[in-house]
Amino acid sequence: MTITTTTMTTGATTDTASATTPAGTAAAGPDLGIPPTPRVPARRAPGATGGGRPDADARSATGADPLGTQGDTASALPPHDPRAHGFLPERPPVRSMIGTWTRLDAMAREVAVAPGREAAVAIVERAREADELSALRQRVSRLSPRNAEAAAMRVAVIAVACGWGGLDPLAPAARQCADEGFLDLWAAIAHRIDHEQFVALPTLALHNWAPERKPRRHIPIDQLARTEPLVPIVRWAPEGQPLSRLDLLMLAATRLEAHGIWLFRLAETLAGRAPDDSSTPTALRRLVRIQHSLRAQLHSEAAGLAAAPATAQQRAVLGALAEQGALEPPVLQAADAVLGVGGRRAGEGRRQHLRRHLPVQHRAWLSAMDRHCAPVRTLAHRGGPDAAVYREAQESLIALRRTYAGLVQTAARPVSGPLTAAA
């Protein structure tokens, strides 16, 4: 597969380089010349307000929590720093589970390649009749946080394959249409990871791709996803066959998150900046270049995705996730939190609807970005060159979202075809 990435520097125009890499490999990310931003207190514009508890703003003032995210999360949770690896897991996902949990691993793999929902449901029912689900339910509390995330990914695969992705496992109505033993396991894992609605693309994709070879410890996860061949933990295509469109779409989302790490760093650079700050237009120009690079990356993967096989079951999974608003990658939501594109026409409720599938710490970080990037968003109502740069950043995000939507449409089509010319 030939993958085209865009390499950028701080003082020059965009240069495009093509490199031939193995399947599942992404080229190195853009070099924007942006050193890691020191975690300094965010400056607050006049009239800007901070949310959460009263002591959240005090922490922002001292630099302990410049974005005030602790006011939005449980106090027991450690602070989340998306500059380190975006919303990817801190370490490569668990490739294979051990002990009793090998059965959940095998069940997820079997359900993912089932010919239809009825066959997938039958697999789960057989596991419940054999008391395998109840045995797993009793062991949820013993899972480490990392293994709990691994179990959640497998539960998410089973839920969407069986057509249960939109259910609340604790709702009485869910018992009428889904297996009770599986719902109990689902609810227990949701409680363990403190995330009720994890059945979405972030769990299915970001926790399902691991480096083909065991990485050295010092290599960060976002760099691994950009430079190493990635293999799926749970395949939606049978072993020995090419990856399906659904597999490749989720791989594209993982790569998008890894290359988008620069966007997260620029988001924190813009947090709290005044619109007339001299660094604001520079950061916005870099944001435009990043979004153009991500769009080119998606275009480079479109042909391979269009040529990949697809089944009616996989298209049903995509349709179910789309109905729940659970397909947009977190990196696009981070750009929206800075630029305010998604909430202008659809309203703030729509934005929260898209975020509900993310972990609590990620939702808190996005909410903090909403607040602290509000001064920058006032450029939308101004004139002059800085406002023009801001509007260009918005337009590049809209184009990136349309390109990603075209990739989703290609994956959901029953026949092969080129990428929808949505952009």
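Which residues in α14 meet which residues in α17? The points below take up this contact after a note on the model and its overall make-up.

1. Basis of the model. This is a predicted model, in which local features need pLDDT of at least 70 and side-chain atom pairs count only at pLDDT 80 or more, while totals for chains, interfaces and linings use all residues. Residues are numbered from 1 along each chain as its sequence is written, and side-chain values use heavy atoms, with hydrogens and water left out.

2. Overall make-up. The protein chain has 19 helices and four strands; helices (H or I, at least four residues) and strands (E, at least two) are DSSP runs, numbered from the N terminus. Of the 423 residues in the protein chain, 54% are buried. Here buried means under 20% relative accessible area, exposed over 50%, and partly exposed in between, with a 1.4 Å probe and protein chains only. Among contacts between residues at least 6 apart in sequence, 73% join residues at least 24 apart, where contact means heavy atoms within 4.5 Å.

3. Packing of α14 against α17. Helix α14 (residues 330-339) packs on helix α17 (residues 360-372) at an angle of about 25°, and their axes are 7 Å apart. Axes are lines fitted to C-alpha atoms, for helices over the stretch in contact, and angles run from 0 to 180 degrees between N-to-C directions. The two helices are therefore roughly parallel to each other; angles under 35 degrees count as roughly parallel, over 145 as roughly antiparallel, 65 to 115 as roughly perpendicular and the rest as oblique. The crossing of α14 and α17 is right-handed. A crossing is left-handed if the near helix is turned anticlockwise from the far one by less than a right angle, and right-handed if clockwise.

4. Residues of that contact. In answer to the opening question, Gln 333, Ala 334, Ala 337 and Val 338 in α14 meet Trp 365, Leu 366, Met 369 and Asp 370 in α17. The residues of this contact divide into six nonpolar, one polar and one charged. In this division Ala, Val, Leu, Ile, Met, Phe, Trp, Tyr, Cys and Pro count as nonpolar, Asp, Glu, Lys and Arg as charged, and the others, Gly among them, as polar.

5. Ten of the ten residues of α14 are buried, so α14 is largely enclosed by the rest of the structure. The buried residues include Gln 333 and Asp 336 as well as Pro 330, Val 331 and Leu 332.

6. Trp 365 lies in helix α17 and is buried, with a relative accessible area of 1%. Ring pairs link Trp 365, Phe 87 and Phe 264 into a cluster. Rings of Phe, Tyr and Trp (its six-membered ring) pair if their centres lie within 6.5 Å; planes under 30 degrees apart count as stacked, over 60 as edge-to-face and the rest as tilted. The count by this rule comes to five aromatic pairs. One of these, Phe 87 with Phe 264, is tilted, at 5.1 Å centre to centre and 50° between the planes. This pair links distant parts of the chain, with Phe 87 in the loop between α2 (82-85) and α3 and Phe 264 in helix α11, 177 residues apart. Both Phe 87 and Phe 264 are buried. The rings of Phe 87 and Trp 365 have centres 5.9 Å apart and planes at 80°, so this pair is edge-to-face. Phe 87 is in the loop between α2 and α3 and Trp 365 in α17, so their pair ties together parts that are 278 residues apart in sequence.

7. Leu 266. Helix α11 (residues 261-270) also holds Leu 266, which counts as buried at 1% relative accessibility. Leu 266 and Arg 83 are 183 residues apart in sequence and 8.8 Å apart in space, C-alpha to C-alpha.

8. Packing of α3 against α4. The axes of helix α3 (residues 102-112) and helix α4 (residues 117-129) come within 9 Å and cross at roughly 160°. That makes α3 roughly antiparallel to α4. The contact is made by Met 107, Glu 110 and Val 111 of α3 with Ala 120, Ile 123, Val 124, Arg 126 and Ala 127 of α4. These residues divide into six nonpolar, no polar and two charged.

9. Backbone points. Most residues other than glycine have a negative phi. Asp 131, in the loop between α4 and α5 (132-137), has a positive phi near 60°. Asp 194 has a positive phi of about 55° although it is not a glycine. Asp 194 lies in the loop between α7 (180-193) and α8 (201-206) and counts as partly exposed at 38% relative accessibility.
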